[in-house]
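Please look over the model below. The briefing that follows is grouped by topic.

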Amino acid sequence: MTTVASTPPVALAPASAPVRFARLLLSEWTKLRSVRSTIASLGLLVALTLGFTTLLTSLTVSQWSRADPNQQRQLMADPVSTILGAGFQLSQLTVCVLGVLVITSEYTTGMIRASLLAVPRRVPMLAAKSVVFALLVFVVGELVAFPSFFIGAAILHGKAPVSLGDPGVLRAVIGGGLYLAVLGLFALAIGGLLRHTAAAITGVIGFVLVLAPLAQLLPGSFGKHVHAYLPSEAGHLIGQAHQRPHDLLTPWQGFGVFCLWTAVLLGAAAYLLQRRDA
Amino acid sequence: MIEVDRLSKRFGPVTAVNGLSFAVGPGQVTGFLGPNGAGKSTTMRLLLGLDHPNSGTATIDGKPYRDLVEPLRVVGALLEAKAVHTGRSAYNHLLVLAQTQGLPRKRVDEVIDLVGLRDVADKRVGGFSLGMGQRLGLAAALLGDPQVLVLDEPVNGLDPEGIVWVRNLMKYLAGQGRTVFVSSHLMNEMALTADHLIVIGRGRLIADCATEEFIARSSQRSVLVKSPDATRLTELITAEGGLVTPDNGQALTVGGLPAPRIGELAAREGLILHELTPQLASLEEAFMELTRDSVEYDTRTSQPAATTVEARPTKGTR
């Protein structure tokens with residue numbers, strides 16, 4: 001019992017704000033690395049991306065003669081977007097789920113109370129969590145985007161040759177990781193707003209997978225604009241080498257729209273985090 | 001030093017905490033007592049900045065919890081509801097918290113040893129028993145070596161050995177001059193641990209006094225008397241200002257007069273006594289009597305059942 005205070009309290013003045021934020025980053029990193037869902041989700045991200053890139057580009061090559069000339073032209077005009085799309089279309093869902101879980105698991109387990117006791121101002125905790133999670137997804141995203149591109153490019157080589165040096169290609173591949181990082185934040189923000197895992201995952205997947213086809217049903221230019229400005233539709237433009245004729249937004253504009261959506265939702269999540277009882 | 005001033009919290013139509021004021025000083029264990037649903041946990045959550053009050057303030061060393069810069073170094077809290085990610089190991093849970101305050105890993109090891117979780121430190125918390133969970137919660141509370149401890153039902157789920165351990169730990173921490181504020185719905189447990197009691201019911205203060213005083217006031221001073229001359233004795237006692245409730249036939253329950261005085265009266269008149277027994281309600285009974293009142297009725301004063309401890313609204317003046 002004598003060990004209660006064997007480390008004497010450090011009665012120095014509290015650390016400065018930047019130091020305290022650095023501590024929160026370290027703490028959030030420990031949170032992330034010490035649960036299985038992180039490793040499982042990111043492992044699945046890598047496996048699905050590489051698997052589907054290989055599978056879909058191989059099928060494209062083997063079925064090349066049966067594709068209509070339009071499809072062939074489109075693919076040859078922007079092979080990198082086909083490669084990245086093939087890999088990320090499904091695997092991006094793992095980032096959605098992990099982004100939601102990063103915050104809702106704190107609510108479902110009660111960990112949020114311990115977190116907020118340590119950071120009673122609350123918003124720095126959310127900020128640190130967002131930074132650490134986005135950086136992790138960005139790094140893993142790049143680590144999978146480049147191999148995915150090289151695999152896809154090798155498979156497509158005979159039909160639609162592409163190299164990193166082509167205009168816009170390097171930006172598109174780096175954009176793959178950027179897109180996943182912002183997508184993760186987008187999911188985290190919705191998780192923070194809804195606080196329930198199932199509801200938040202449904203919400204995010206609704207945004208990413210369901211709203212886009214629905215918006216395409218809207219008539220005329222109105223529908224076209226709604227569709228173009230939807231978060232994931234705008235966001236994935238960053239994975240294209242260049243703006244296509246029917247795209248309303250350039251790759252960077254699209255990514256900007258996606259970032260704006262995410263920033264607004266994160267802001268709302270921060271506001272509610274401060275207002276609500278934990 | 002914890003100070004709560006006119007604190008109120010409503011959840012929809014329910015007022016969980018209603019104009020509550022009290023102060024908790026250092027160097028002693030202060031028990032926070034009340035039946036389930038009295039507002040103890042809500043008061044603690046308000047104190048810790050987890051819930052926002054509708055009105056009033058709760059401060060620790062003069063500051064709202066939210067204004068504490070490195071809060072875990074000032075206040076250690078154990079919440080009634082679990083506050084641990086079940087998929088994380090005990091060690092990593094404590095490490096996460098330690099890192100937010102810039103505490104070294106060494107300190108994590110120290111508190112793990114202190115609460116006796118060394119063998120399971122690397123196991124996932126999801127598999128912990130209730131008692132192990134409580135020990136982990138206490139480890140988290142002690143992590144920053146805080147001067148103020150806020151513990152919500154810390155003995156919940158502990159085995160007898162664990163209960164004694166927590167009791168001793170709280171007394172030890174208070175003995176070091178720390179402020180120890182501990183809630184319980186068990187009167188007997190608090191009687192053994194707490195030096196001072198704050199009793200609430202329905203979100204209102206019922207009593208704020210030393211535990212000894214509470215016990216003294218809670219003990220009903222009635223006397224059971226059996227005598228073949230019950231009728232005559234009743235007259236004598238009533239004349240002396242006692243309150244007699246005839247039980248049946250020869251038995252009387254006498255309030256307002258101590259047993260020796262009743263014996264003297266009987267001897268003076270030469271009356272035979274078969275039995276003369278002071279009746280002490282158990283603490284638990286007294287507590288239930290006291291709080292039943294506040295559970296069922298909004299105003300304590302309307303109930304004659306409150307023969308035990310009258311309301312003593314105090315405002316942080318100790």
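A:G235 is buried, because 27 other C-beta atoms lie within 10 Å of its own; the term buried is used for 20 or more such neighbours, exposed for 12 or fewer, and partly exposed for counts in between, with C-beta atoms placed from the backbone. This is a predicted model, in which local features need pLDDT of at least 70, side-chain atom pairs count only at pLDDT 80 or more, and totals for chains, interfaces and linings use all residues. Residues are numbered from 1 along each chain as its sequence is written, while chains are lettered from A and ligands numbered from 1 in the order in which they are written.

**Surroundings of A:G235**

- A:G235 belongs to helix α10 (residues 231-235) of chain A; helices (H or I, at least four residues) and strands (E, at least two) are DSSP runs, numbered from the N terminus.
- Leaving out residues up to four places away in sequence, A:G235 touches A:Y179, A:V182, A:L183, A:G254, A:F255 and A:F258; a contact requires C-beta atoms, placed from the backbone, within 7 Å.
- A:V95 is 140 residues from A:G235 along the chain, and their C-alpha atoms are separated by 14 Å.

**Nonpolar cores**

- The largest nonpolar core has 155 residues, of which A:C96, A:F186, A:V204, B:L94, B:A139, B:L143 and B:V150 touch the most other members.
- A nonpolar core here is a set of buried Ala, Val, Leu, Ile, Met, Phe, Trp, Tyr and Cys residues joined through C-beta atoms within 7 Å.
- Helix α7 (residues 169-194) of chain A gives the largest share of this core, 16 residues.
- A:C96 touches A:L183, A:A187, A:I201, A:V204, A:I205 and A:V208, again not counting residues up to four places away in sequence.
- Another core, of nine residues, lies apart from the largest one and includes B:V223, B:L233, B:I237 and B:A266.

**Contact between the chains**

- Chain B gives 43 residues to the contact, and chain A gives 34 residues.
- On the side of chain B that touches chain A, the elements giving two or more residues are α2 (71-74), α3 (90-100), α4 (105-115), α5 (130-142) and α6 (160-175) of chain B.
- α3(B) supplies the largest share of that side, six residues.
- By class, that side of chain B has 21 nonpolar, 11 polar and 11 charged residues; Ala, Val, Leu, Ile, Met, Phe, Trp, Tyr, Cys and Pro count as nonpolar, Asp, Glu, Lys and Arg as charged, and the others, Gly among them, as polar.
- In α4(B), the residues B:V108, B:E110, B:V111, B:I112, B:L114 and B:V115 are buried, and the buried residues of this helix pack against α3 and α5 of chain B.

**Chain B overall**

- Chain B has 11 helices and 13 strands, and 46% of its 318 residues count as buried.
- Among contacts in chain B with a separation of 6 or more, 68% are between residues 24 or more positions apart.
- Chain B is divided into domain 1 (2-209) and domain 2 (221-279), with bounds from an automatic or database domain assignment.
- The C-alpha centres of domain 1 and domain 2 of chain B lie 48 Å apart.

**Strands and sheet of chain B**

- Strands β1 (residues 2-11) and β2 (residues 14-24) of chain B pair in the antiparallel sense over seven bridges; pairing requires at least two bridges found by DSSP.
- β1(B) and β2(B) form a hairpin with two residues between them, and B:G12 in the turn has a positive phi of about 60°.
- An open sheet of six strands in chain B has the order β5-β6-β7-β3-β8-β9, with mixed pairing.
- β5 (75-78) and β9 (204-210) of chain B stand at the edges with a single partner strand each, so one side of each has no neighbour in the sheet.
- Strands β3 (residues 28-33) and β7 (residues 179-184) of chain B run parallel and are joined by six bridges; B:Q28 has B:T179 as its bridge partner in β7(B).
- Helix α1 (residues 40-47) of chain B packs on the sheet, touching β3, β6 (148-152), β7 and β8 (196-201) of chain B, and its direction makes about 145° with that of β6(B).
- Axes are lines fitted to C-alpha atoms, for helices over the stretch in contact, and angles run from 0 to 180 degrees between N-to-C directions.

- B:D145 has a phi near 50°, a positive value in a residue other than glycine, and sits in the loop between α5 and β6 of chain B.
- B:D145 counts as buried because it has 21 C-beta neighbours inside 10 Å.
- B:R202 has a phi near 50°, a positive value in a residue other than glycine, and is found in the loop between β8 and β9 of chain B.
- B:R202 is buried, with 23 other C-beta atoms within 10 Å.

Note on methods: Two residues are in contact if their C-beta atoms, placed from the backbone, lie within 7 Å.
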